Structure formats: C-alpha cells, structure tokens
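Q: Could you take me through this model in pieces? I will ask as I go along.

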Amino acid sequence: MLTDKQLRRKQFILVLAVCLVVLAGAIILDATLPSYHIIIKVIKKGAVYATVAVSMNLLNGFTGLFSLGQAGFMLLGAYTYAIFSIPVAQRAGVYMYYDGGIVQFSIPEFFAGIFGESFGTGFGMIVTLILAGVIAGLIALLIGLPVLRLKSDYLAIATLGFAEIVRALFQWAKLGPLTNGSNLLRAYPDFKHCTAYILITAAVVAIMFLLVNSSYGRAFKAIRDDEVAAEAMGINLAKHKRLSFVISSFFAGVGGGMLAMYMGTVQALSFKSAMTYEILLLVVIGGIGSLTGSVFTSFVYVAAVEWLLRGLDSGKFLGISAPGIFKNGFRMAIVSILIMVVVLFFSKGIFGDKELHDLVKKQPKKAKEVKKNA
Amino acid sequence: MSKILSIKDLQIRYGGIEAVKGISFDVEEGKIVTLIGANGAGKSSTLRTISGLVKPASGSINFMGEDLVGKDQAAIVKAGITLVPEGRRIFPDLTVLENLKAGAYLRKDKAEINKDLEWVYELFPRLKERHWQLGGTLSGGEQQMLAVGRALMSRPKVMMMDEPSLGLAPLVVQGIFDIIKTINDQGVTILLIEQNANMALKIADDAYVMETGKITKSGSGLELLNDESIKEAYLGKKK
C-alpha cells in the first residue's frame, strides 16, 4: 500500500511526464513540419475540440445538466474573437457590404502597439480569446436565469433552441455592421504553431481540473447525484447550476474563438446543432465525468476522422486500393461502426469516470503493470 | 433545560390540501424528541418545513430566539439545523470521504472540519475503512451511517432524522438507534420522525403523536410506550 502522499506524488509525476512529452512533441512537430501539414491541423482541431468537450463535460458530466447549447456559445466566442481581432486596415475589405462595419479597432493591433509586433499581437489574441469567453459567459448568465429552472430533456431542448436562435440572429442583415450578416469574417490573426493551441487547451484543462476538485466541484457533483440531499446540505441549487453553466459557456466561448482561428474564416452557418452532437459524442465516448477522457477522445477522434481514415473516402486505405467501395461517405460509416463498438465494450466511455492519474493505483501490483505497459 | 426549537401553530398546505393543520411543539436542548404517526400524518412535511424546503402557510418556527420562516436552506443549515433525508439519499457517485466533505459544504474552517471528520470516523469506524469507496456501493445500513455522518459534518445543534429505520433489517435498525443515542449523549439535540414507533419511543425523551395533520397526544417516550391507545394503534398489541 502506498500512502496518500506517495500516491499523489506518483500521480503528479505521471501527469507531468505526459504533459511534457506532449509539449515536446508539439514543439518538435512545429519545428519540422509546415503549418499547413495535416498533423499540425489535426493537433489544432483536436485541441479546439478538447477545450469544448471539457467545458461540456463540466456541465453535462459533473453537474448533471443536460445542455445542448454548446454550438451557440462557440458561435458567440468565434464571432467575438473575429470581430475584435480583424486588423483595421482589412475591415473595409471584410465588411464590404456594410461600409467597413461599426467596430473600428483591433485588440491584437492595440497590444502590438504597446508590446511590439510579435509579442503584442500574441498577447492581444489571448486577451481577445478571453473576451470571447466572457461574452459567451455573460449571455449564459442571462439565458440561464429562465432556462436553468428546467430539468433534463426540457433543458436540452431549450438550450438547443437557444443555439439555433443565435445562429439565425447572427445571419440577420440588420446586424450586418457588427456580424457581417451571412458573409464570412476573415483576415483575423491566428497562431501558426500547434504548440500555442496545446498550451491554451492545457491551461483550460488545468483550470477545470482544479475547479472539479474544489469544494465547488464537490457541490456540482452532489447536485448531479441527488438534488434533494444537496439542498439539505445547504448547497444552493440555483446558484451552483448557474455558476456551472456560466463557466462551461465561458470555456465553450474560448473554444469557439480557437475554432475561428483554426478555420481561418467564420460563418454562422457552420455552427449547426450537429457540432454540439459531435462534442457530446466525444464527452460520452471519453467518459462522462472524466476530463482527461474528453481530451484523449477529442484528439483520437479528430485524428481518425480528419487524417487516418481519409483513405476510406479517396479510394486507397492501408495499401488496399478499392475505389468501388472506398468512396465519399464510407469513412463516416466506418467511424459510426467504430463508435458503436467502443460503446459496446466501454459502456461508461473509454475512461469511465476515471482520470489519467488514476492509472497509478493504491495496489502496488497494478501500478507495476501500468509501468510495463507504458 | 431550555427550548432550542419551538414550533407554533404551524400550517402547511399543498395546493388545496392541508397537510399540517396548526401544530405546536417544543424541542428542548440536548433531548431526543420524536414525532410518530402513520403515513400521511404530516410528519415529513413538518421536517421539510423546518429545514426550509417547504414554505408554511402560517405559523412560526423559532430556533434559539430566531424565526426561521422564510429563510433559505443554506441559512438554516448554517444556523445549526440539518436534515437527514428520508431514504438516506447519499451521493452514490461520490466517495465516502467526498460525501462527508459535502456535508461540511457551508463551513470554511479546515482544521475544525478535519476534527469533525475524525469524530465521525470514531462514531462509524466502518466509514473510515471505506472512505475511498463510492457511496453507492455501500450496504443499506452503511449508507444510513454515511447519511448521519454527512449531516454531522455540518456540526448541527439539532439533527432532524426522517425515518432512519426505513428499509433496514431489524439488527441494523438497532445499531442505528444506538448511534442516535450516542450522538445525543455528545450534545446534539435530535428530532426524530419514525413509523417504527416502538424503537422511537424507547429512546425518546419527549414524544408527540401525529394523526392527519394534528398532534393528538404528547408525553415522555415511556408514557406513550405504555399508553393503551398507542399500543393498539402503533405497537401492534392484540385487542
């Protein structure tokens, strides 16, 4: 038997080692591959999905609130990021139908003026990402007041409706000077290196991890398990549900901003409810109530769909050339089957409700096995 | 002994139904007080109202000189009244330790919380053995211990228990009542509602009988235990 202290130290070392390996890998890839390379793209998109999946897990997995508004909050984040970071000189071109739009400043440019071109721009981009989260969080606060009175399925429908309304609203021509109507937003800065994405996602996951293990996190889980008992312990249901909803939406907004960066252009049309379902899939497959499960699954899923299984759509896969079968759409059919297989074998998701550090267990025997496998 | 909790003319309505029709009773500090009665007598409603889950139609709930009517649950727990809900209602996906810490949610004094944790472990050594186990994997009796332990973690002056014997084997019930006695001996006032009248009356200092929203009898536990009409109605004495 390990003592609690030893156990915690071992777990910390494991997590730290994994983080360092991932970080080193990202830096090496950035140095050797061009930024348009598929591996870099996969890592970037994986990081975006991991951020949003973790935010959704906080709400659906840890607080037990079944919300389907993630795409709406991502949209808010993506638009906030794009609107406030397009360089002033480019605005006339982007907002060509709306006289250059009404916002006539750029946060990254503002900071570039203070801290210099390269650091200032990067710093400004981070600030804009945080602003994207804040806007999403504020809207969540307002929406939460009526919507969080609802339970389970009704909450899901209400949040889904909210996301659809936001999507329609942002395409409305009257809001054009702000949102560019149904036209694209583009020409805003993004991070060329995937390391930046990894670092942002790591920061989000770390914050989430601290939150989940704080007394607030315990209150969230208590509410999920039994509302009546939680209330009997003096936990204020309305306040904690609102808190969880706002924090989750904040990080969904940050994720949306990252998605805007990754895609290079933003259009409301792409934030369909299918995007929410995709994220929900990652949360469920990774394990409801497991942050590292969500992160792991996000990267694996994106890598499989965007890269490894591409051949299934284009005629040649694993050296097998079968243009008759491997046609457009076959890839997603295979992905669906894989997902079903995973769900059958891991009925509580790949990680269940365990985290990465739970690989180091109290029983020394099992810990040895893990080491051998690693 | 002084009155710690005093209920006056409490009326509770659910829509048009009057569940509790103006009851008054006192809980004296350091005692075990029990409300017994059949299903639908209004016992649970009374406890739920004291703990702030239900707002009363009229009446007052005075706790150490302070009126609790209209206060929210957090304030009532903070003031020192904690409910052990009916059916245990532990958090099944939290560990035993997390369950106990959830009970101390409103407290910030870490050192004192740890002290109380040791106290709960002393009362229930079984919980200490299983502190890393998920609440849902415990047996019924252990879950009841956890529910009581969790309530104690808020360091209540009055602990209200709603049917702690529900669905437990007789031997386990005996254990639970022993624990209630021990906790009471350590200075926690207990307000207990039970259908298991026999057990409840045996340990109670004061007892009240509720029937269809009214208190019909009161006295010491021993008095009611020997009362002929109570024997007939609740204790299963043959006529």
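Q: Left-handed or right-handed: how does α3(A) pass α12(A)?
A: The crossing of α3(A) past α12(A) is right-handed, meaning that the near helix is turned clockwise from the far one by less than a right angle, anticlockwise being left-handed. Helices (H or I, at least four residues) and strands (E, at least two) are DSSP runs, numbered from the N terminus. Please note that this is a predicted model, in which local features need pLDDT of at least 70 and side-chain atom pairs count only at pLDDT 80 or more, while totals for chains, interfaces and linings use all residues. Residues are numbered from 1 along each chain as its sequence is written, and chains are lettered from A and ligands numbered from 1 in the order in which they are written.

Q: Where are those two helices, and what is the angle between them?
A: Helix α3 of chain A covers residues 70-85 and helix α12 of chain A covers residues 237-263. They pack at an angle of about 55 degrees, with their axes 6 Å apart. Axes are lines fitted to C-alpha atoms, for helices over the stretch in contact, and angles run from 0 to 180 degrees between N-to-C directions. α3(A) and α12(A) are therefore oblique to each other (under 35 degrees is roughly parallel, over 145 roughly antiparallel, 65 to 115 roughly perpendicular, the rest oblique).

Q: Which residues in α3(A) and α12(A) meet?
A: From α3(A), the residues include A:F73, A:M74, A:G77 and A:Y81. From α12(A), they include A:S249, A:G253, A:G256 and A:A260. Contact requires C-beta atoms, placed from the backbone, within 7 Å. By class, this contact of α3(A) with α12(A) has eleven nonpolar, eight polar and no charged residues (nonpolar: Ala, Val, Leu, Ile, Met, Phe, Trp, Tyr, Cys and Pro; charged: Asp, Glu, Lys and Arg; polar: the others, Gly among them).

Q: Switching topic: how many residues does the contact take from chain A and chain B?
A: Chain A gives 16 residues and chain B gives 20 residues. On the side of chain A that touches chain B, α10 (215-225) and α11 (227-232) of chain A each supply at least two residues. The largest share of that side, six residues, comes from α10(A). That side of chain A divides into seven nonpolar, three polar and six charged residues.

Q: Now chain B. In what order do the six strands of the open sheet run?
A: The order in chain B is β6-β7-β8-β3-β9-β10, with mixed pairing; two strands pair if DSSP finds at least two bridges between them. The edge strands of this sheet are β6 (81-84) and β10 (214-220) of chain B, each pairing on one side only. Neighbouring strands of the sheet are turned by 15 degrees against each other on average, direction ignored.

Q: And β3(B): how many of its residues are buried?
A: Six of the six residues of β3(B) are buried (20 or more other C-beta atoms within 10 Å of a residue's own; 12 or fewer is exposed, in between partly exposed, with C-beta atoms placed from the backbone). B:I32, B:T34 and B:I36 lie on one side of β3(B), and B:V33, B:L35 and B:G37 on the other.

Q: What joins β3(B) to β8(B)?
A: Five bridges join β3(B) to β8(B), and the two run parallel; B:V33 has B:L191 as its bridge partner in β8(B). With strand β9 (residues 206-211) of chain B, β3(B) also pairs in the parallel sense over five bridges, and B:I36 stands opposite B:V209 there. Helix α7 (residues 170-185) of chain B lies across β3 (32-37) and β8 (189-194), running at about 155 degrees to β8(B).

Q: What about the open sheet of four strands in chain B?
A: Its order is β2-β1-β4-β5, and the pairing is antiparallel. β2 (17-28) and β5 (66-67) of chain B stand at the edges with a single partner strand each, so one side of each is left without a neighbour in the sheet. Strand β1 (residues 3-14) of chain B is joined to β2(B) by nine bridges, and B:L5 stands opposite B:V27 in β2(B).

Q: Last one: where does B:E29 lie?
A: B:E29 is in the loop between β2 and β3 of chain B. It is partly exposed, with 14 other C-beta atoms within 10 Å. B:E29 and B:I4 are 25 residues apart in sequence and 5.1 Å apart in space, C-alpha to C-alpha.

Key
Contact = placed C-beta atoms within 7 Å.
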